[in-house]
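Student: I have the sequence and the model open and would like to go through the terms. Could you take me through them step by step?

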Amino acid sequence: VTRGAIDSYLESLDDELRLARAPRRRLLAEVKDHLRASADELAAEVEADEAERRAVERFGAAATVARGFAVAVAATSARRSTYGLALAFAAYASACLAFALTASSQFADFPQGAPSALALQVAVVALAVSLVRALRWRGSARPPEDRIRFLANGAIIGVAALAAGLAGEAVVALTRPAGVLPWQDAPFVIVPFAVAVVATLAAGVGAAGAAFRTSTLDAVPGRPTHVRSALPTLADDVAGLVPRALGPVTAAFGRPALLVSAVAGLALGAVFVSQVSGRPFEHHASVALPALALATLEALCILAGYVALGRSLGLRGERSTA
Amino acid sequence: MRTDLLKGHLDLVLLSCLGDGPAHGYLLIKRLRERSDGELDLLEGTLYPALHRLEAAGLVTSTWESASGRRRRVYRLTQNGGRALGERTDEWRRFTGIVNDVLAGPA
């Protein structure tokens, strides 16, 4: 049996595939075996050349197969990157908790703890949105490509926030001698933060891999020409997990700017009250201004985060493209 | 039959075909064709992304095996895959039962 059509097909598939060397070689070997088995069987009925041609035709266009594989690989990678972010977040939050319990006085010594507070807030939003999507499409045969992109973005944003928070805390600790802990307490803080650093690095590797695999989708022919608006997809995904939530979620995300403004307003009030409460009444006047400044900073960070990251996370704006 | 109707159900169909025993990709296609009397004649290349996904999800596992001078990647159900097959089959039967009742109209 001459192998002309099969060899040509394998060359085309090799050109179209956007995979690392090992999975590429494995897939090409499997496809080669499949096509030869198919052609050998067909050769009982038709000429060998025709058998090869039919085997290739039944297998499908190389670009279609390559795209299907690229989507499957990107979806798996993006979903795993979300779980990696969840572990890194848990490790970092635990380290902060250990720090707060071990050195509560230093935790309140602004800006000690501020990088972590900001980082954890950004990361928890990215994680929550990504977890909804990862769980919603967990068993899906082929998740929509916009969801895969949002998952990869969420992992990158979440991990970047955690890494920036860890770096910020390190800078603050090293530049403020007052922040140095007694040695007997240090292991309770250093060990959890070291675990958080390792978990964040591992999550960063996963997130970078997911971002790369997702970016390859643009290079494989057959990209969907229309991507739905981001907001309905999140409402749809929440409703996919909890069908009864469709009405409230759709209503809440119908006016996202209003929703985020309300959250920022609530955060402003909560931070102010937390800073002022517990202090003697006669001290309220002296702490009111710093408390208001901190609360305003918190609210502004929420608004800035929404403006800067909302589109990448699929929380705001239209992503429709022609 | 329109093969696009299989979209979303390919995983269940493949798990079921693997329920007959370990198989390489081409054998899976043959099982699918035989079980459906040739009605489900999908593009064969769509099988491999689906197998990758099932393997990544821990529902199937695969190894290289040699037979008749050929090296073939042979897939088999894992314990989780067997459990998923049972659950999804029950779910599918409930779903098709409901749709059938609806299509049958008022009793």
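Tutor: Gladly, and let us start with the sheet in chain B: an open sheet of 3 strands in the order 1-3-2, with antiparallel pairing. Strand 1 (23-24) and strand 2 (60-67) of chain B are at its edges, each with a single partner strand, so one side of each has no neighbour in the sheet. Keep in mind that this is a predicted model, where local features need pLDDT of at least 70, side-chain atom pairs count only at pLDDT 80 or more, and totals for chains, interfaces and linings use all residues. Residues are numbered from 1 along each chain as its sequence is written, chains are lettered from A and ligands numbered from 1 in the order in which they are written, and side-chain values use heavy atoms, leaving out hydrogens and water.

Student: What makes strand 2 and strand 3 of chain B a pair?

Tutor: Two strands pair if DSSP finds at least two bridges between them. Strand 2 and strand 3 (residues 70-77) of chain B have 8 bridges in the antiparallel sense, so they qualify. As one example, Thr61(B) has Arg76(B) in strand 3 of chain B as its bridge partner.

Student: What are the helices and strands of chain B, and how are they defined?

Tutor: Helices (H or I, at least four residues) and strands (E, at least two) are DSSP runs, numbered from the N terminus. Chain B has 4 helices and 3 strands, in the order α-β-α-α-β-β-α from the N terminus on. Chain A, by contrast, has 12 helices and 0 strands.

Student: Why is helix 3 of chain B called mostly covered?

Tutor: Buried means under 20% relative accessible area, exposed over 50%, and partly exposed in between (1.4 Å probe, protein chains only). In helix 3 (residues 47-56) of chain B, 7 of 10 residues are buried; among them are Leu47(B), Tyr48(B) and Arg53(B). After this helix comes Gly58(B), with a positive phi near 80°.

Student: What covers the buried residues of helix 2 of chain B?

Tutor: The buried residues of helix 2 (residues 25-35) of chain B include Tyr26(B), Ile29(B) and Arg33(B). Their cover includes helix 2 (21-42) and helix 3 (48-59) of chain A, together with helix 1, strand 1, helix 3 and strand 3 of chain B. Contact here means heavy atoms within 4.5 Å. Helix 2 of chain B is followed by Asp37(B), whose phi is positive, near 55°.

Student: How are the packed helices 4 and 6 of chain A described?

Tutor: Two packed helices are described by the angle between their axes and the distance between the axes. Helix 4 (residues 62-102) and helix 6 (residues 114-136) of chain A pack at about 150°, with axes 9 Å apart. Axes are lines fitted to C-alpha atoms, for helices over the stretch in contact, and angles run from 0 to 180 degrees between N-to-C directions.

Student: Which residues meet there, and how are they classed?

Tutor: Residues including Phe89(A) and Tyr92(A) in helix 4 of chain A meet residues including Leu120(A) and Leu127(A) in helix 6 of chain A. The residues of this contact divide into 15 nonpolar, 3 polar and 1 charged. Ala, Val, Leu, Ile, Met, Phe, Trp, Tyr, Cys and Pro count as nonpolar, Asp, Glu, Lys and Arg as charged, and the others, Gly among them, as polar.

Student: How much of each chain is buried?

Tutor: In chain A, 43% of the 322 residues count as buried, and in chain B, 39% of the 107 residues do.
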